[in-house]
Amino acid sequence: MSIDANTAAKVAKLARIEVENQDLTALAKEFNDILGFIEQLNEVDVSGVEPMTSVTPQKLIRRSDNITDGDRQASVLKNAPLSREGFYAVPKVVE
Amino acid sequence: MLDLSFESPKPKTIPGAKYDWELVIGMEVHAQVASTSKLFSGASTEFGNEPNSNVSFVDAAMPGMLPVINEFCVEQAVKTGLGLKAKINLWSAFDRKNYFYPDLPQGYQISQLYHPIVGEGEVIVDMEPGIARKVRIERIHMEQDAGKSIHDMDPNMSFVDLNRTGVCLMEIVSRPDIRGPEEAAAYVVKLRQIMRYLGTCDGNMQNGNLRADVNVSVCLPGQYEKYLKTNDFSHLGIRCEIKNMNSMRFIQQAIEVEARRQIGILESGGVVEQETRLYDPDKGETRSMRSKEEAHDYRYFPDPDLLPLEIEQTWVDDIASNLPELPDEKKIRFINSYKLTEYDAGVLTADIESADFFEEVAKSCEGKLAANWVINELFGRLKKDDLSINASPMSPGQLASIISLIQSEEISGKIAKDLFEIVYVEGGDPNEIVDSRGMKQVTDTSAIEKAVETVINDNPDQVEKAKMNPKLAGWFVGQVMKATGGKANPKSVNEIVSKKLSL
């Protein structure tokens, strides 16, 4: 699999990362280096091996259904560039 | 247990200019889990609070915050799966669905794409007595809800409330087994009914706690059967997805409108483009959500913040053994033990409160009669006052007493209706009211005979006429009933009138 400058531009756009046109070729090369490494990993036969999901033998921790958080409107909004009447205020998005 | 046999309904056909077209519909229903706190945070799920007050730092996606799963939500998903006779997956996992939108602060939604908690199941969607559609369920997965954007508070800004962000949704995905707008609405009604019986989702569509995405395509007759045989989707038309509908009426309208749009395109030689559309009820049309197209590349990957969700078979068995009686089972039991028609049993089991009310009434009187009174009189009267069964001013005990008075022939059916109104409006013990207001039926034949004789003696002309035309006997019965204030037993009056007139 090979990534060209166009694909790199698309991925950057989906990730909302601004990349100058002149940098796209270099970015595509970096992608290809990473994918090349993964292809190398793909050569290992892992049939019959269960995917490892954690390095420690632990189970997913569950909590009970209680209200233990929230009710902190001011601190939640504190880092917002703009807020109004308890809402985050963002540039207009209309469907 | 006796199973109700049923036939499948005919698929809805829409005549185009050239051909008759059939509809093929699959649905994704989003049901909010009736939990107190969110799926991965301890913030409240309560509706209608101050904006951004039900928000923790996890929901606001502050750096370094980690999700911790709510066990109750997992239990509700399992319960819903069991209610839909579905396979429960003891091993499931969470994935990130990546897209950017102002009401999604994480930049991704935690969902279950590759390994959902619930697998294949089925729902029987009743259309009318003896006719039902079996809709196959493909899967149910758990996921986070997004926040809410408000666009009309400022001309240049959108306002975002994250109170809903992170609330647990169950997405119930059906196979394309629904064949018309009415079936689609009935399918949502049935899912809602089952979840309300289970208590896993309150089904409140107005608050958005139950929403549906509808996939609609059209095909020529015969194509759908080919798809069923081969499981090859290429036999079907290209589908469009209509997003986020929260009313049964709009679901039906949107399907109809969208099907006609597709038929128009196909018959003029065009090709339907697979896309996401939005239904505009004011204009009565669906339109493309262009902005969604690019976002369709969701780049799913397993969420590294969450270990796989492993549940125990014993826990599932425990939940299964505590399931309440479900609507289909209850309906069959009502038909068998109370000798109700399928229609009546369907009405009474539509929601669990009505079913419980009926059973409470039927405890101390005859079932069929109880069903008639609950459905025809009580439901009718409640509807007039716009009250739900929970708010009924008449208790099951009071209604049972009225029905018992009819059964023992102490009051006539006509008087029973008056008594019903009195008890409904004023309350009180029906037995005492009947006594204190002299409403008892006169079954004493000598008293009735006397009343009949009076009417006969007072109306010699009518007697002559009645002898020529026996149908006029009814007039005498009416007069006697009037004279006795409706309290005479109509059957006795009939007999005595016939006898006295020697008809």
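A residue is called buried when its relative accessible area is under 20%, exposed when that value is over 50%, and partly exposed in between, computed with a 1.4 Å probe on protein chains only. The structure is a predicted model, in which local features need pLDDT of at least 70, side-chain atom pairs count only at pLDDT 80 or more, and totals for chains, interfaces and linings use all residues. Residues are numbered from 1 along each chain as its sequence is written, chains are lettered from A and ligands numbered from 1 in the order in which they are written, and side-chain values use heavy atoms, without hydrogens and water.

Chain B is divided by an automatic or database domain assignment into domain 1 (21-318), domain 2 (328-436) and domain 3 (445-500). Between domain 1 of chain B and domain 2 of chain B, the C-alpha centres are 38 Å apart. Contact, meaning heavy atoms within 4.5 Å, joins 8 residues of domain 1 of chain B to 11 residues of domain 2 of chain B. About 720 Å² is buried between these two domains, with 42% from carbon and sulfur atoms; buried area is the accessible area (1.4 Å probe) that two parts lose on being put together, summed over both.

The cysteines may be considered next. A disulfide is a pair of cysteine sulfur atoms within 2.5 Å, and the whole structure has 0 of them over all chains. Cys201(B) is in no disulfide, and the nearest cysteine sulfur, that of Cys168(B), is 10 Å away. Cys201(B) is buried, its relative accessible area being 2%. Cys240(B) is likewise in no disulfide, with the nearest cysteine sulfur, that of Cys219(B), 14 Å away. Cys240(B) is buried, at a relative accessible area of 1%.
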